[in-house]
Amino acid sequence: MSEQIEHLVSVIGARLARPATAPAPARAHAGWQQSLARGIPGIALLHIELAATGRAPWQHAHDWLTAAAATPLTIGADSHPFHGGLALAHALACAAEHRPDAYHRTLHALDERITADAERRLAAAHRRIDQRQLPEIAEYDVIRGLTGYGAYLLRRHPDSDTLRGVLRYLVRLARPITRDGEELPGWWTLSGPSGRRDARFPGGHANAGVAHGIAGPLSLLALATLQGVEVHEQHVAIGAISRWLDRWATPQGYGPGWPYWITRDELRARQPTPAGPARPSWCYGAAGQARAQQLAALARKDDIRRYRAETALLTALTDSAHLAATTDISLCHGYAGLAHLAARTAADAHPDTRDRLRAVIPGLLDAVVPPDTTAIAHVAEALLQSADGNGAGFLDGAAGVALAVLAADTGRAATCWDTCLLTA
């Protein structure tokens with residue numbers, strides 16, 4: 001498989017060698033300039049990884065980083081971890097691991113502004129909690145909220161007061177809140193999963209996913225603990241979130257599965273509505289949630305919970321019905337992301353599950369990478385020419401696919417590209 005993967009990565013890297021010659025649908029996308037998910041900063045991550053592993057020249061990475069900074073960056077209220085200054089900072093931080101002198105001044109300036117923005121957001125979040133109001137998803141999540149800020153700070157400034165401030169906020173978020181005599185999870189929001197009011201979610205919901213739900217904060221709290229960064233009651237919060245996810249888990253084979261979210265009716269009925277097989281993705285579903293649960297178990301030195309999380313991932317990655325619900329090859333919610341999560345989880349797994357997790361990776365990669373070079377070229381081009389403009393990008397496009405399959409196949413990454421996903 002390595003030869004085919006190297007060819008796919010090479011084809012994608014060559015097609016995205018320069019910003020000016022990237023596919024037109026991608027360049028026309030509104031988020032092209034500053035989006036980590038869809039645009040230049042996310043594509044820069046691929047070229048930084050290729051340069052760091054000797055597969056491409058550093059000039060390509062530098063050209064993409066320069067293009068990202070060619071227009072004024074969005075900072076402050078209109079920015080978030082996947083858009084604007086923090087999105088570029090994440091890419092620069094990955095490059096700086098290998099070429100620190102090239103990006104020191106730019107990173108230092110961005111870090112000052114990112115820290116100030118995080119502090120403003122923390123102050124607003126604590127005021128909201130003090131007033132016993134419910135949060136918006138964008139206050140706390142990985143993509144737009146304080147968990148995403150924490151992921152960056154844990155990598156760049158693990159000793160900072162601002163990171164500890166984020167962790168203290170997440171400890172408060174994990175505590176229940178009472179509204180109109182009803183106890184709700186502290187991250188309960190009155191919106192739907194999109195972050196907007198939704199008639200399908202009367203009374204709101206509690207999101208359980210990694211990208212927009214409580215599994216993201218759980219991952220950050222656990223990773224910080226594993227790196228020796230702790231605040232008061234951090235272990236209490238990890239335990240509370242883990243138990244909440246346990247409460248809503250449903251048996252699937254030899255391991256549990258978790259719902260994407262819990263509605264007000266389900267909360268009152270004390271059980272989730274029966275649902276058919278769902279894709280086990282990073283953003284929502286059993287794969288991302290199992291990795292979060294494994295990290296939490298490692299943080300608390302709980303071998304039973306770790307084994308349970310790893311078995312849940314195995315179940316999700318070997319159940320034909322759940323895999324059939326996976327309909328694309330992206331990093332965010334497709335087969336490339338599943339292969340990457342399997343590799344990351346296997347690296348930290350109990351010996352009884354490590355080899356079994358590694359054994360499923362080739363099959364997941366087969367779903368992404370065809371066996372012959374002509375078909376590989378067609379796969380790459382189909383991704384890149386996606387009419388919705390996401391096809392070149394990190395979360396849903398070719399850059400993310402290339403990064404994920406390369407890391408899954410080799411079992412390692414040379415840069416910190418996936419820390420923004422809290423998978424490592």
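## A contact at His 29

The side chains of His 29 and Arg 38 make a polar contact at 3.5 Å. This comes from a predicted model. His 29 sits in the loop between α2 (24–27) and α3 (40–52).

What else does His 29 touch, leaving aside its neighbours within four places in sequence? Its contacts are Arg 38, Asp 388, Gly 389 and Asn 390.

## The chain as a whole

The protein chain has 19 helices and six strands. Its radius of gyration is 20 Å, close to the 22 Å that the globule rule gives for 424 residues, so the chain is as compact as a globular protein of that length. Along its principal axes, the C-alpha trace spans about 60 × 45 × 40 Å.

Buried residues account for 59% of the 424 residues.

## Where α3 meets α19

Two packed helices are described by the angle between their axes and the distance between the axes. What are these values for α3 and α19? The angle is about 35°, and the axes lie 8 Å apart. Helix α19 covers residues 398–410. The crossing of the pair is left-handed.

From α3, the residues that take part are Gly 42, Ile 43, Leu 45, Leu 46, Glu 49 and Leu 50. They meet Ala 399, Ala 402, Leu 403 and Leu 406 of α19. How do the residues of this contact divide into nonpolar, polar and charged? Eight are nonpolar, one is polar and one is charged.

## Asp 409, also in α19

Helix α19 also holds Asp 409.

Asp 409 can be set against Ala 22. The two are 387 residues apart in sequence. In space they are 26 Å apart, C-alpha to C-alpha.

## Two loop residues with positive phi

Asp 180 is not a glycine, yet it has a positive phi of about 55°. Where is Asp 180 found? It lies in the loop between β1 (177–179) and β2 (182–184). Is Asp 180 buried or exposed? With a relative accessible area of 80%, Asp 180 is exposed, since the cut-off is over 50%.

Lys 301 is not a glycine either, and its phi is positive at about 55°. Its place is in the loop between α13 (286–300) and α14 (303–318). The relative accessible area of Lys 301 is 74%, so this residue is exposed.

## A buried glutamine

Gln 234 is placed in helix α11, which covers residues 234–248. Is Gln 234 buried or exposed? Its relative accessibility is 1%, so Gln 234 counts as buried. The cut-off for that class is under 20%.

Which residues are in contact with Gln 234, leaving aside its neighbours within four places in sequence? They are Leu 167, Val 171, Leu 221, Ala 224, Thr 225 and Val 229.

Conventions:
Residues are numbered from 1 along each chain as its sequence is written. This is a predicted model: local features need pLDDT of at least 70, side-chain atom pairs count only at pLDDT 80 or more; totals for chains, interfaces and linings use all residues. Side-chain values use heavy atoms; hydrogens and water are left out. Helices (H or I, at least four residues) and strands (E, at least two) are DSSP runs, numbered from the N terminus. A polar contact is a pair of N or O atoms within 3.5 Å; within protein, one must be able to donate a hydrogen and the other to accept it, and residues adjacent in sequence count only if both atoms are side-chain atoms. Contact means heavy atoms within 4.5 Å. Axes are lines fitted to C-alpha atoms, for helices over the stretch in contact, and angles run from 0 to 180 degrees between N-to-C directions. A crossing is left-handed if the near helix is turned anticlockwise from the far one by less than a right angle, and right-handed if clockwise. Ala, Val, Leu, Ile, Met, Phe, Trp, Tyr, Cys and Pro count as nonpolar, Asp, Glu, Lys and Arg as charged, and the others, Gly among them, as polar. The radius of gyration is taken over C-alpha atoms; the globule rule is 2.2 Å times the number of residues to the power 0.38. Buried means under 20% relative accessible area, exposed over 50%, partly exposed in between (1.4 Å probe, protein chains only).
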